[in-house]
Amino acid sequence: MAKKIRVLLTKPTQDCHDRGVRYLARKFRDAGFEVVFTNFLLADEVVTTAVQEDVDVIGVSSSSGGHLPVFEDLMAALRAADIDDVLVIGGGVIPPADVRVLTELGVAAVFGPGASAESAVAFVTEHVRERSAL
Amino acid sequence: MPDQETPEQAEAQWQAGYDRIGKRFGDQAPAQATRPQSHSGLPIKNAYFPQDVPAGPPEAPGAFPYTRGNLAAQYQFMNWANQPVIGYGLPEHTRSRMDLLAEQGMVGYFGSRFYNLVYDLVSHEGLDPDHPAARGRIGQCGMAVYSAQDMATLFDGLDLRKMNVVHITYYQVVAAFAQYIAYAERQGVPPAELSGNTMNWYHQSAYVGMSAFPPEQGLKLAVELISYCTKHMPRWNTTNFFGYGVEEAGGTAVQEIGLMLAFGIELVRACEAAGLAADDVLPRFGFQFAQANDFFEEVCKIRAMRRIWATTMAERFGVTNPRSMHVRIHTHTSGAVLTAQQPMVNLIRTTLHAFGAALAGTQAMEVSAYDEALAIPTEEAATLALRVQQVIQEETNVTAVTDPLAGSYYVEALTDQLATAALALVADIEAQGGYVQAQRSGWIRSVVEDSAERWREQVDSGERKIVGLNCYVAGEEAEPQLFTVDPEVERIAVERIKQLRVSRDAAAFDRAMAALELAAKEFADAAIGQLGQDALILAAIDAARADATTGEIMGVLKHHLGWGAPHES
């Protein structure tokens, strides 16, 4: 049997909007993923949790702005920890212009307002499988 | 003329006619034709009759239990107050938006200046801008105000006695409140002459996902603020019941009012334990409710809340002052139901929400801006949101009549249903030991989350339609013009706080902080029944006088009271 996909879903603690990401946590679990859900203050905490939990995917939700520094810090912390096999995705209220910046930073996909949970499940399933096939 | 027909016969006849139409559609009949439901999931009928309102229409406006309104008059003598929420960037940026909206006709009651000010995400987290986690969040979604000195920039030249300031904070309320008092003192204005509101929103950590104080400590902090204000600030509204947050987290209309009533019982009980009288604290409570998509349910929700709040407070606490039984409402039209797709369509949604709130009899309103789902509103979007209110107030004539929907069989029956369902939720929470217990166990969170999931699944399946999202979808859309906060804001905010730390009187600061430490430690160990001396608030005000920042004051509170993930804290 294939190993279950492990996902860390997390959001900055300053951001009060957790409705979308908690819903996604439920849908990921329904899809058979193992999901860890946390709040974080600093990007380092995300990396520590990701390593401890040995996750395949980190999903960061942000709906109150301030997402660019969060992702900058996160990607830098991942590089510093020599982690290059974790898929990083984003979600929340992120304007299109910022999505382009995040893509350049190495964020694999951004699921904005109205994106379906199914599309996120499909994306994660496909990309984690691709990566493990390498 | 046909023979005198009873209402029952009329309904039977209607039903027969309705069923004949239904037969033609068979399996193709839409859900609302065969299984109509409110958005809360309450069963509704396809037509209503007198027998659906067995108790008859409710009392007159201004008569207990105030279903039809707190007072005999609604908007005839004074419109609801236009209260947009303002706050972004540095204090001077927020100030310029305050002045712009005031010029555009934003007024409070009796023509007073009225400012609804929201603090930024850094302040909400109880941090200062030079904390590493502040980057990217300084002046975002609120104003970068962290000290009495920042308040001096914000309110420069305004007469504090002649204005009402709503401080929209999360758990940093003690710090912001103390800084406002300290700033006012420097202007020669004593606390007794200040008008405004604090949120006192500790109860929201039951359903809002930010780090928080443990629920028991949150309740004590709420009582502490109420206790101080009851003694020293007769013009201050102490506590806001954040129903809007329930709706935003995905809760239903029933949950929104039921949870607020359950918390109201808990809070008044706690105030009484601390030696305060219910009739002294209740008149200073206010409410913030959402106005969302199910037009009639959202109107009836408000009518039902007025009724069950008044009856519950009278029965449980024996209050006699009508103001203790009134639900004073600030409506915030729902941001959660707005879409990033085809954003201008949001103006139509918010207009319907605002119109519903007007018919429900709200006291004050903020209309969400059409670009809410995308970013902080632009000036154009903020002004249009204000215009929505002004058009309803000035052009529709709905302000001439109080509770204009009263007597509609549907409206009265749905109001009854909502009241019954909300009271059942309250009974459930009371059986669990009250709001704080149900918060600690995670029960409140889970019922709200179940509703959010149901809503999302209805949207994903197309059962619930959202124009532009799951129907009438447009192709590629032009990128809208979005508001951005000047990147210089961060640098300047950090510079200012560093400057403040250097320039303030270090000895006075150290003394005040040592006293705050002691007060916080004692507060953490105190039972609710031991509160009432206001030692913590007084120490926080002293610290603010010594130019303590939000991060410094909150750091002490977090250390002694505990701080962590909500729901599990």
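## Two chains in contact: a quick tour

Where chain A and chain B touch, the contact takes 25 residues from chain A and 31 residues from chain B. This is a predicted model, so keep that in mind as you look around.

**The side of chain A that touches chain B**

- Two helices of chain A, helix 1 (19-30) and helix 3 (67-80), each supply at least two residues to the side that touches chain B.
- Helix 1 of chain A gives the most to this side, with four residues.
- Sorted by class, the residues on this side of chain A are twelve nonpolar, nine polar and four charged.

**Chain A as a whole**

- Chain A has five helices and five strands.
- Walk along chain A from the N terminus and the elements run β-α-β-α-β-α-β-α-β-α.
- Along its principal axes, the C-alpha trace of chain A spans about 40 × 35 × 25 Å.
- A compact globule with 134 residues would have a radius of gyration near 14 Å, and the 13 Å of chain A agrees with that.

**The sheet in chain A**

- Strands of a sheet pair through backbone hydrogen bonds, and the pairing can be parallel or antiparallel.
- In chain A, five strands form an open sheet in the order 2-1-3-4-5, with parallel pairing.
- Strand 2 (34-40) and strand 5 (109-111) of chain A stand at the edges; each has a single partner strand, so one side of each is left without a neighbour in the sheet.
- From one strand to the next, the twist averages 20°.
- Strand 4 (residues 87-92) of chain A pairs with strand 5 of chain A in the parallel sense, over three bridges.
- To find one of these spots yourself, look for A:Gly90, whose bridge partner in strand 5 of chain A is A:Val110.
- Helix 1 of chain A turns up again here: it packs on the sheet and touches strand 1 (6-12), strand 2, strand 3 (57-62) and strand 4 of chain A.
- The direction of helix 1 of chain A makes about 175° with that of strand 1 of chain A.

**A sheet in chain B**

- Chain B also has an open sheet of five strands, with the order 1-10-9-8-7 and parallel pairing.
- At its edges stand strand 1 (81-82) and strand 7 (239-242) of chain B, each with a single partner strand, so one side of each has no neighbour in the sheet.
- Strand 8 (residues 285-291) and strand 9 (residues 329-333) of chain B pair in the parallel sense over five bridges.
- B:Phe289 stands opposite B:Thr331 in strand 9 of chain B.
- Helix 13 (residues 345-360) of chain B lies across strand 8, strand 9 and strand 10 (364-366) of chain B, and runs at about 165° to strand 9 of chain B.

**Helix 19 of chain B and its two partners**

- Two packed helices are described by the angle between their axes and the distance between the axes.
- Helix 19 (residues 506-525) and helix 20 (residues 535-545) of chain B pack at an angle of about 160°, with their axes 9 Å apart.
- An angle over 145 degrees counts as roughly antiparallel, and helix 19 and helix 20 of chain B are therefore roughly antiparallel to each other.
- The crossing of helix 19 and helix 20 of chain B is left-handed.
- By class, this contact of helix 19 with helix 20 of chain B has twelve nonpolar, no polar and three charged residues.
- Helix 19 and helix 21 (residues 550-561) of chain B have axes that come within 9 Å and cross at roughly 30°.
- Helix 19 of chain B passes helix 21 of chain B in a right-handed crossing.
- Among the residues making that contact are B:Met513 and B:Leu516 of helix 19 of chain B, and B:Ile553 and B:Val556 of helix 21 of chain B.
- The contact of helix 19 with helix 21 of chain B divides into eight nonpolar, one polar and three charged residues.

- Most residues other than glycine have a negative phi, and most peptide bonds are trans.
- A:Asp54 has a positive phi of about 50° although it is not a glycine.
- You will find A:Asp54 in the loop between helix 2 (43-53) and strand 3 of chain A.
- In chain B, a cis peptide bond joins B:Phe64 and B:Pro65, with omega about 5°.
- B:Pro65 lies in the loop between helix 2 (31-34) and strand 1 of chain B.

Note on methods: Residues are numbered from 1 along each chain as its sequence is written. Chains are lettered from A and ligands numbered from 1 in the order in which they are written. This is a predicted model: local features need pLDDT of at least 70, side-chain atom pairs count only at pLDDT 80 or more; totals for chains, interfaces and linings use all residues. Axes are lines fitted to C-alpha atoms, for helices over the stretch in contact, and angles run from 0 to 180 degrees between N-to-C directions. Angles under 35 degrees count as roughly parallel, over 145 as roughly antiparallel, 65 to 115 as roughly perpendicular and the rest as oblique. A crossing is left-handed if the near helix is turned anticlockwise from the far one by less than a right angle, and right-handed if clockwise. Ala, Val, Leu, Ile, Met, Phe, Trp, Tyr, Cys and Pro count as nonpolar, Asp, Glu, Lys and Arg as charged, and the others, Gly among them, as polar. Two residues are in contact if their C-beta atoms, placed from the backbone, lie within 7 Å. Two strands pair if DSSP finds at least two bridges between them. The radius of gyration is taken over C-alpha atoms; the globule rule is 2.2 Å times the number of residues to the power 0.38.
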